[in-house]
There are 2 protein chains.
Amino acid sequence: MATAASLSASASGTVPARIGDSEFDRDTAVVRREPGVHDTELSAGWTIFGAVNGGYLLAVVGRALADTLPHSDPFTVSAHYLTASRPGPAVIRTDVVRDGRSLSTGQASLFQYDDEGREVERIRVLASYGDLDALPDDVRTTAEPPAIPPVEHCFGAEDAPGEGPVPGGSPIAERLFLKLDPATLGWALGQPSGKGEMRGWFGLADGRDADPLSLLLAVDALPPTAFELGLMGWVPTVELTVHIRCRPAPGPVRVSITTRNLAGGFLEEDAEVWDSAGRLVAQSRQLARALKS
Amino acid sequence: MATAASLSASASGTVPARIGDSEFDRDTAVVRREPGVHDTELSAGWTIFGAVNGGYLLAVVGRALADTLPHSDPFTVSAHYLTASRPGPAVIRTDVVRDGRSLSTGQASLFQYDDEGREVERIRVLASYGDLDALPDDVRTTAEPPAIPPVEHCFGAEDAPGEGPVPGGSPIAERLFLKLDPATLGWALGQPSGKGEMRGWFGLADGRDADPLSLLLAVDALPPTAFELGLMGWVPTVELTVHIRCRPAPGPVRVSITTRNLAGGFLEEDAEVWDSAGRLVAQSRQLARALKS
C-alpha cells in the first residue's frame with residue numbers, strides 16, 4: 001500500500017523526513033528555560049485564515065508535558081481553549097499533578113504576550129501520560145475502520161480546480177498530506193451532503209510518520225464537519241479531549257470524524273484515527289461553537 | 001409515561017423530592033469558606049464496595065464550580081482522577097481561568113486529608129460553564145435515542161433474586177432509580193454478552209428530576225460495560241469528559257453506554273443521556289483501566 005512517505009518522496013524526489021527531524025518536530029519544538037517553563041514559537045505555517053490550528057497548538061503543549069512528566073506518551077489529554085492564539089512567541093508553564101508508577105498527570109498552560117508584554121493564557125490542559133510500549137498487546141477492539149476509498153480515489157486541496165475553496169488562506173494545507181473521501185467533499189462543490197461526516201487519509205507533507213504527538217494534530221486537522229452540514233463559518237473549539245491508545249504504525253492514517261448533535265449553537269466532533277496496521281490508535285471528542293454563517 | 005417521580009412516589013407513598021431539596025442535593029452540598037474554597041463531606045451513600053462513585057464526586061466539584069464561576073451551568077467538564085476518594089471531609093479549591101461573556105472557564109481540585117492532616121488531591125477538573133437557557137432552540141441532532149424496552153420490562157437491583165450480585169456492597173443502588181435493559185444484564189446471570197454495552201432508565205430514588213449537575217452522576221452510575229465483556233473486576237476511571245447540551249426535561253432519563261476499544265489494558269466508555277422529551281442532553285467519554293479480574 002502506498003505510504004505517505006513513499007507518495008511524498010516520489011512527488012518531490014526527496015527522502016521522507018523522520019520522526020524527530022521534520023517540519024512538524026521543528027514547528028512544535030519547545031526549549032526548557034527552567035523546570036516547568038518552556039519557551040516556544042507558534043509557527044505561521046499551521047494556520048488557516050490566520051487562526052492557529054487547535055491540534056497543532058495541543059501538540060506543542062503536549063511536547064512540553066512530555067518533557068516535564070516522568071512518562072513521555074500522552075494517554076488522555078483534555079484541553080480548554082481560552083483565547084485565540086496567533087503566530088509568534090509563547091511560553092508554556094507546566095506542573096506535575098501526580099507522579100504515579102504507570103501513569104502520571106500534569107497540567108499545562110500556554111501563554112502569549114499582549115501589547116504591554118503581559119501573559120495572556122491561550123489554552124489550559126490536563127493530561128495523563130504513560131508508556132505506550134509497556135501496554136499488554138491484547139486487543140479486543142470491536143470498532144471497525146472507516147470505509148474510505150483507496151488514497152488514489154480521494155482528493156486534496158491540490159486537486160481542486162483553480163484556487164479551491166480557501167485561496168491563500170491555508171498554510172497548514174501545504175504541510176499536510178490530506179486526501180479526503182469524495183463522499184465528504186460535497187461542500188467543496190457547493191453541495192453539502194447534510195450529514196455531519198468528514199474523513200480521509202492523513203499524513204505530513206514531508207513524509208514524517210505519525211507518532212503520539214502528531215496524533216494530537218491529526219484529530220483536529222480535517223475540514224469541519226460543519227461544512228457538510230451547510231455551515232461555512234468558523235467553528236471554534238471550546239474543549240478537546242484526546243485518548244492515545246497505541247503507538248501508530250508507519251504510513252498514513254485514516255481519520256474519520258462524525259457530528260451527531262448539532263444543537264443550540266454547539267456541536268460535537270468525534271474523531272477516530274486508524275493506523276496502517278488496522279489499530280484504532282486515537283479517539284477524540286471536541287465541543288465546538290457552530291456560529292451562524 | 002411513568003416518571004421516576006411517580007414510580008417512586010407510588011412505591012413509597014411519599015412526595016417526590018424537588019431539585020434543591022433532595023438526597024442528591026444534600027449529599028453534593030458545598031459550603032463556601034472563602035472565595036475559591038469550599039468545604040464538603042463526601043457521603044458514604046454514593047459508594048460501591050467502598051469506592052466513591054466518580055460521577056457523584058464530579059457533581060460535588062461541579063457544584064463548587066457553579067458557585068465560583070459567573071455562569072452556573074456546566075457545558076463541558078474534563079476530570080482527571082488522581083487518587084481514590086473515601087467518605088469523609090474534603091475541601092475544593094477553585095480558580096477562575098477565564099471570565100467570558102457567554103462561557104467562563106474554571107479549574108477545581110478536591111482534596112481529602114491524610115493521617116497527618118495534609119491535603120491529598122483526589123481529582124482535578126477543568127470546566128467551561130455557560131447558561132443553558134440562553135442557547136437558541138434550533139436542534140439538528142441526527143443521533144437516535146437508544147432502543148431500551150419500556151421501564152416496566154427492565155430490571156434493577158431490587159428485582160434480583162436473593163441478594164443479587166453485589167450483596168451489601170452497593171449503598172449507591174439504594175439512592176438510584178436504575179432499571180437496566182435485560183439485553184445488557186447477561187453478566188448478572190453469569191452469561192455476559194461479549195458486547196461492550198450497558199443501558200437503562202436512570203433517575204434518583206427519591207424522585208428528584210435530573211438537572212445539569214445530576215447528569216454528571218448519570219453518565220457514570222451504571223454498571224461497567226466491562227461486566228458484559230466478561231471482566232468482573234474493578235474498572236477505575238482515569239479521565240472523564242462530559243458535555244451537557246441541554247437542561248433535561250422532568251422524568252427519568254435513558255442512559256446508553258458503549259465500549260468499542262478494549263485494548264492494552266484500557267477501555268473507553270461512551271455515554272449518552274436522553275431525556276423524556278427525546279433530547280440528547282449529555283454526552284461523555286471516559287478512559288478506564290481494565291484490570292484483570
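1. In this predicted model, strands E2(B) and E6(B) run antiparallel and are joined by 6 bridges. The hairpin made by E1(B) and E2(B) has 2 residues between the strands, and B:Gly36 takes a positive phi near 85 degrees in it.

2. These strands belong to an open sheet of 12 strands in chain B, with antiparallel pairing and the order E1-E2-E6-E7-E8-E5-E11-E14-E13-E12-E10-E9. The edges are strand E1 (31–34) and strand E9 (176–180) of chain B; each has a single partner strand, so one side of each is left without a neighbour in the sheet. On average, neighbouring strands of this sheet are turned by 25 degrees against each other, direction ignored.

3. Helix H3 of chain B, residues 54–68, packs on that sheet. The strands of chain B touched by H3 are E1, E2 (37–42), E5 (73–81), E6 (88–99), E7 (104–113), E8 (119–130) and E11 (237–244). The direction of H3 makes about 60 degrees with that of E8(B).

4. Towards the E9 end of the strand order, strand E10 (residues 197–204) of chain B pairs with strand E12 (residues 253–258) of chain B. The two are antiparallel and share 6 bridges. B:Glu197 has its bridge partner in E12(B), namely B:Thr258.

5. How is chain B related to chain A? A rotation of 180 degrees, with 0.0 Å of shift along its axis, superposes chain B on chain A with an RMSD of 0.0 Å. That is the relation of a two-fold axis. The residue of chain B that comes closest to the rotation axis is B:Ser78, whose C-alpha lies at 3.1 Å. Of the interface residues of chain B, 100% are also interface residues in chain A, so the copies meet through the same surface.

6. Chain A likewise has an open sheet of 12 strands with antiparallel pairing, in the order E1-E2-E6-E7-E8-E5-E11-E14-E13-E12-E10-E9. Its edge strands are E1 (31–34) and E9 (176–180) of chain A; each has a single partner strand, so one side of each lacks a neighbour in the sheet. The bridge partner of A:His38 in E6(A) is A:Ile92. Helix H3 (residues 54–68) of chain A packs on the sheet, with E1, E2 and E8 (119–130) among the strands it touches.

7. For residues 44–128 of chain A, UniProt gives the feature "domain: Acyl-CoA thioesterase-like N-terminal HotDog", from an unreviewed entry. In the model this span is 18% helix and 53% strand, and its end C-alpha atoms lie 29 Å apart.

8. How many disulfides does a search of the whole structure find? Over all chains, the count is 0. A disulfide is a covalent bond between the sulfur atoms of two cysteines. Of the cysteines, A:Cys154 counts as buried because its relative accessibility is 4%, under the 20% cut-off. B:Cys246 also counts as buried, at 13% relative accessibility.

How values were computed
Residues are numbered from 1 along each chain as its sequence is written. Chains are lettered from A and ligands numbered from 1 in the order in which they are written. This is a predicted model: local features need pLDDT of at least 70, side-chain atom pairs count only at pLDDT 80 or more; totals for chains, interfaces and linings use all residues. Side-chain values use heavy atoms; hydrogens and water are left out. Two strands pair if DSSP finds at least two bridges between them. Helices (H or I, at least four residues) and strands (E, at least two) are DSSP runs, numbered from the N terminus. Axes are lines fitted to C-alpha atoms, for helices over the stretch in contact, and angles run from 0 to 180 degrees between N-to-C directions. Contact means heavy atoms within 4.5 Å. Copies are superposed by least squares on the C-alpha atoms of residues with pLDDT of at least 70 in both. A disulfide is a pair of cysteine sulfur atoms within 2.5 Å. Buried means under 20% relative accessible area, exposed over 50%, partly exposed in between (1.4 Å probe, protein chains only). UniProt positions are given in the numbering used here, feature names are shortened, and annotations may be inferred rather than shown by experiment.
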